Amino acid sequence: MTEQTTTADQAATTAEQQHFEHLISEDSRVEPRDWMPEAYRKSLTRQVSQHAHSEIIGMQPEANWITRAPSLKRKAVLMAKVQDEAGHGLYLYSAAETLGTPRSVLNEQLLSGKAKYSSIFNYPARTWADMGAIGWLVDGAAICNQVPLCRASYGPYGRAMVRICKEESFHQRQGWEILYELSHGTEAQKQMAQDAVNRFYGPALQMFGPPDADSPNSQQSMQWNIKRFSNDELRQRFVDMIVPQAEALGLTLPDPDLKWNEERGHYDYGQLDWDEFMSVIKGSGPCNVQRMKRRREAHAQGAWVREAAEAYAQRQAREAAEAAAAASATDAEATEEFTVVAGRGSAELIGA
Amino acid sequence: MSAFASHDSATKQSAGVAITAEEIAETGGRAPEAVAQYALRLGDDALMLSQRLGWWISRAPELEEDIALGNIALDLIGHARFLLTYAGSAWGKTEDELAYFRNEEEFRSVRLVEQENGDFGQTIARQLLFSFYQYELYSALQSSTDQTLAAIADKALKEVEYHQDHAAQWILRLGLGTEESKRRIQDGLYYMWPYLDELFADEPLHDELEGIAVRPSTLRERTLERVTALLAEAELEVPNVAQARLSAAPRDGAYSEYRGYILAEMQWLARQHPGATW
């Protein structure tokens, strides 16, 4: 805990702290105007902004396929999807801003590499079937993670998640449809689908984060009613959901240990490669460098456009102010002129 | 209800209810050859520009622009789908057969929409010229005696109004923003300006389609008047630059270098799997 945090928390009145604790214990919503512990604010800012960054970086692997989508309908759907992700990024940055950190600062954290984003987006989208696998598995995992977040204790985050989840479930459905078409198409298409599922299955399961025993932040987050279920609980829920869906697709999941456990009433699944997960988080993923490069380039190359928009806005404001000043000056002049005319009139009268 | 319900001729249909490409396809009506050729021109323009603009998504100067340019690209691909579906009805071809399995010389897009995105200024310059032209085009096409074209124009016009507004707002911001933005948008305008003539070039096809098609030359004055007025407001000059020479038949691609690259990228996957559905 930083010195600043301690000071801020200490400055809070007992009544404020009690109010916060009351909101959490009642499972009510904390709103931006409410007092909150600095650690709660920091933790949420990190989580919400990382989520926003993931939406933004996550646009890239799919945007790669917009120009190559194999039918006009799929191209339109894909464009709409990637555009939705930009929209999700915007809602989430707005939610994060209500916690006191401006979007420009959050963006800087992303560009400098200080802030993280979901590791899954550091894997390449090599084939068209990856658009299906990303929609079905990656958006599917995101939904499992995010539906409980609709009830997150922080109001703006929870409300943003409600809207995002609606769109994500649409995306997951579209991904599933892409894979369905492929798995029911030619042999080459089916292979393409299976290959994509093979590559995305493991990383998708890792989207829920490390196993519970290795997830130190989860406990506090659950106490604050931000997180509702543990990483492993959510991962299990996801596995249970996708197994029958894979069967419906006629595709297999690349896990020899995957089998129904009658006793648990869940599917057992095999060990995931957590060394790989950690190495991707630390920057060794296949596409970490290119994802960051593209984001930094877009930002740098757009600088002159943002500067122009800012300069134009200032110009407009200046012109509006000048127009207002001129209008009042004209009023003053008009009054003066009237006075002079009247005076002259008087003189004329006198002269007369 | 079908847009083709009451008449056999595609040029004399009941009030158009053509809202989606699927609906146009389901009507089962056939566009006459010349109408199809005309629809192909409008559809190819929309498709090529959508293909170009789609590239910006995830690369725009700010998130709001990823969304805005994405929106425009989406609208355009929607228009392309209606128009290619309608054109294809004449030849028993689907929108995808036309988009993915025609060769360079079979496309009928203008060179303006094929030009490279360049920087944001160059893209906005292209947006300005094309959206202002398209606004006039669809305004006039609403009165086409071909009900399907009229219905498509009616739907598209509402969207093109937004494209036009987006372009105009940026022309003002870039023209009156900073020295750099002024230089860049002015460069973009110089780069795109030589391809204006082709937008307004009449073809024998238009004689054949009196009352159905909009004669391109009739759009020139009004489009340029409005573009010029906006440039004056943005303190930008009207480029004093020669027009790029038209080939013997406008839109035939004979003088277009970019078309092949666009199609190579767009069609590659579909052509690798002929006959596949996606």
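**Exercise 1. Find out how helix α6(A) sits in its chain and whether its length fits expectation or departs from it.**

Step 1. α6(A) is mostly covered, with 17 of its 18 residues buried; buried means under 20% relative accessible area, exposed over 50%, and partly exposed in between (1.4 Å probe, protein chains only). Helices here are DSSP runs (H or I, at least four residues), numbered from the N terminus.

Step 2. Before going on, please keep in mind that this is a predicted model, in which local features need pLDDT of at least 70, side-chain atom pairs count only at pLDDT 80 or more, and totals for chains, interfaces and linings use all residues. Residues are numbered from 1 along each chain as its sequence is written, chains are lettered from A and ligands numbered from 1 in the order in which they are written, and side-chain values use heavy atoms, with hydrogens and water left out.

Step 3. Now the length. The expected span of a helix is 1.5 Å times one less than its number of residues. For the 18 residues of α6 (residues 129-146) of chain A this should give 26 Å, and the end C-alpha atoms are 24 Å apart, which agrees.

**Exercise 2. Describe the surroundings of A:His53.**

Step 1. Locate the residue: A:His53 belongs to helix α3 of chain A.

Step 2. A:His53 counts as buried because its relative accessibility is 0%.

Step 3. List its neighbours, where contact means heavy atoms within 4.5 Å. Leaving out residues up to four places away in sequence, A:His53 touches A:Gly58, A:Tyr93, A:Leu106, A:Leu110, A:Ala115, A:Lys116 and A:Tyr117.

**Exercise 3. Describe how chain A meets chain B.**

Step 1. Start with the residues: 45 of chain A are in contact with 49 of chain B.

Step 2. Turn to the area. About 4,100 Å² is buried between the two chains, and carbon and sulfur atoms give 66% of that; buried area is the accessible area (1.4 Å probe) that two parts lose on being put together, summed over both.

Step 3. Count the salt bridges, each a side-chain nitrogen of Lys or Arg within 4 Å of a carboxyl oxygen of Asp or Glu. Between chain A and chain B there are two. A:Arg315 and B:Glu235 form a salt bridge through their side chains, at 3.1 Å from N to O.

Step 4. See which helices of chain A take part. The largest share, 13 residues, comes from α4(A).

**Exercise 4. Follow some salt bridges within the chains.**

Step 1. Over all chains, the count is 34 salt bridges.

Step 2. In chain B, the side chains of B:Arg81 and B:Glu95 meet at 2.7 Å, N to O, in a salt bridge. B:Arg81 lies in helix α3 (residues 63-88) of chain B and B:Glu95 in helix α4 (residues 95-100) of chain B, so the pair ties together parts 14 residues apart in sequence. Both B:Arg81 and B:Glu95 are buried.

Step 3. B:Arg215 forms a salt bridge with B:Asp202 (3.8 Å, N to O) and another with B:Glu210 (3.6 Å, N to O). B:Arg215 is partly exposed at 26% relative accessibility, while B:Glu210, at 62%, is exposed.

Step 4. Chain A has a network of salt bridges too, linking A:Glu62, A:Lys81, A:Glu85 and A:Asp139.

Key: Helices (H or I, at least four residues) and strands (E, at least two) are DSSP runs, numbered from the N terminus.
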